[in-house]
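Me: I'd like to learn how to read the contact between two chains. Can you take me through it on an example?

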Amino acid sequence: MNLPQNPATRRFLGLLPAWLVIGIFMVMPMMILLVFSFMESDPYGGVDPGFTIEAYRQILFDLNFDDELEFDPVYLIIIGRSILLALIAVFGCLIFGFPVAYYITRQERRVQNMLLYLVTIPFWTNLLVRTYAWILILSGDGVIEQPLKSLGIIENSLEMMYTNGAVATGLVYSYLPLMVLPIYASLEKLDFRLVEAAHDLYASRFQAFKQVIVPLAKPGIIAGCILVFVPSVGAFIAPDLLGGGKKLMLGSLIHLQFASSRNWPFGGAIAMLLLAFVMIALLWQLRSARKRMEESG
Amino acid sequence: MSATAIAANNLVKIFGSGPNAVTALDNVSLTISDNEFFTLLGPSGCGKTTLLRLIAGFEQPTEGDIEIFGSAVAGLPPYERPVNTVFQHYALFPHMNIAENVGFGLKMLGREQREIDEAVTTSLSLVKMEEFATRTPAQLSGGQQQRIALARALAPRPKVLLLDEPLSALDLKLRQAMRTELKTLQRDTGITFVFVTHDQEEALTMSDRIAVMSAGLIQQIGTARDIYERPDNRFVADFIGDSNFISATIDVIDSDVAHCVIGNGLTIPTQLVGDHRVGDTVTLAIRPEKIGLSGGGDWIIKESIYLGTDTSYRIASGTQEMTVREQNARTGTARFNVGDAVSLDVAAQTTTMLRD
């Protein structure tokens, strides 16, 4: 077979399979969603032809009886809650994930591999099942409350289920490995002689942590934050099960529009909004990565 | 004798435990004077770096204690000791520029920014790197990074500077230039330097005193001249420079000179060490360049190797062999050829009777 001589052509042919996979499985569905979000909803699901920005209007405004626009914050609250809970999840994962990642890097190579394997194990079990486990832990007759009640320490339920706290706990639990792994990757490359050098130059443990370890682990910390934030903001299993549907988040809202409410354009519009949040987060990461590149010359 | 900067008393350091335990330091004691350029010299694994790390505080001794300017530092972390280290691989902070690197120590000590800036400028000018203040470590060559590492360790004006093979990663010419600079720097700043190296030439050219270490023990402490001219034992004589080791029997003792008979029946005079008597078997160490050769005699030239400035001869008489080195002074050619008969001229002061 004759290979084309033009390097540009060859590069194009070489990358063609990748372009096709990305195009068919990523770009096309998103384009379809984008198109749908500008169409009219069919009461039986699906969409009717015609262009309208009705779906986007619905996010912020409701029509009152006189067909006038009326500001309705109900979805704004859901968006706000989604972002807030996702940020709490990011923060929680960082607090728990960093020490774990640090601990793993300080072990022997063989032990490191085993610990990393253990960190990834929960990923092999269905998220739904694992989130159900949290119901058993947090619910009124769960493993926390039951013993406390029988010991007489508490009388009334702690009401841990169906709260923002329960959802955040579920999110932290679900996405903790996504924080641990990139931070581990960063810390693993960190030369611990630099930490010694910092101690030698009068930096206490905390100062060495703040001045040397954290700055050098920054790429991993940022990657971990993005990796936790993105699925958290669109999560629907944890909010549904642990929030009991009372603490709706963006992911659940989208799920609702396509499943029970049969309002595909609205679902599409919210999905586009979510995509925008994710893009902003990724752009921020890209910018900080570029800044780092410039700094290190 | 000036004040004692560092006193190490009966230091033992054992890594690991049980059957895997490794003794890195085996009862080491030494004192280093203030304002001294002190070198720990030895092959890798001899314990020299461990000793340095104990002084710096990165490791704690299994037994024994260390005093720095009279105060015991047992249990103190590195950041509470008045010493700074120049690391073998520089260990510059990659996310800080040169000025931030150099100022790091003073910043951690909580000094004012103005004072830090002044110290950074002074330190950078000490190592002639003023114009690099705003660069990052990645933009510097190995030799430049080395200088910054030095400036960074000097900036807080430590009482003792520890240097862990700082020149080993540099190429030969740069290494030689840095030796002189380090020595000048030490003299100018008046800071006590504790320098770790496996390079005997480095040790000989810079040090006021050298401790030769091997297998977790100090083999000998002395000036460069002491160690080269009067090695205490076979290890020191062998590790520093070249030596002929000759087994001999003491034949006659004439006050402090012992005349020793070697394998082929010839006699070599040497200075008497310890309380040996006539008839004792001893080992003599003779430097190849301390032996004079003249034509005609009991020794035969077996091999002649041209080495540029020198010629190295392997000579033999009976079963006794020796290496002799002679400068190719002016002629540029060797004085003797293979097969020539020669005789030796050895002075008692230039041969050493080893203690072991």
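Reply: The size of an interface is often given as the accessible area lost when the parts come together. Here chain B and chain A bury about 2,100 Å² between them, with 64% of it on carbon and sulfur atoms (accessible area, 1.4 Å probe, lost on being put together and summed over both parts). Y79(B), H95(B) and M108(B) supply 31% of the area that chain B buries against chain A, more than any other three residues.

Me: What should I know about the model and its numbering?

Reply: This is a predicted model, where local features need pLDDT of at least 70 and side-chain atom pairs pLDDT 80 or more, while totals for chains, interfaces and linings use all residues. Residues are numbered from 1 along each chain as written, chains are lettered from A in the order written, and side-chain values use heavy atoms, without hydrogens and water.

Me: How many residues does each chain bring to the contact?

Reply: Contact means heavy atoms within 4.5 Å. By that rule, chain B brings 28 residues and chain A 19 residues.

Me: Which side chains meet in a salt bridge?

Reply: Look for a Lys or Arg side-chain nitrogen within 4 Å of an Asp or Glu carboxyl oxygen. The rule finds 1 salt bridge across this interface: E196(A) and R53(B) meet at 2.6 Å, N to O.

Me: Which elements of chain B each supply at least two residues to the side that touches chain A?

Reply: They are α1 (48-56), β6 (83-86) and α2 (98-108) of chain B, as DSSP runs numbered from the N terminus (helices H or I, at least four residues; strands E, at least two). The largest share, 4 residues, comes from α2(B).

Technical notes: Buried area = accessible area lost by both parts, 1.4 Å probe.
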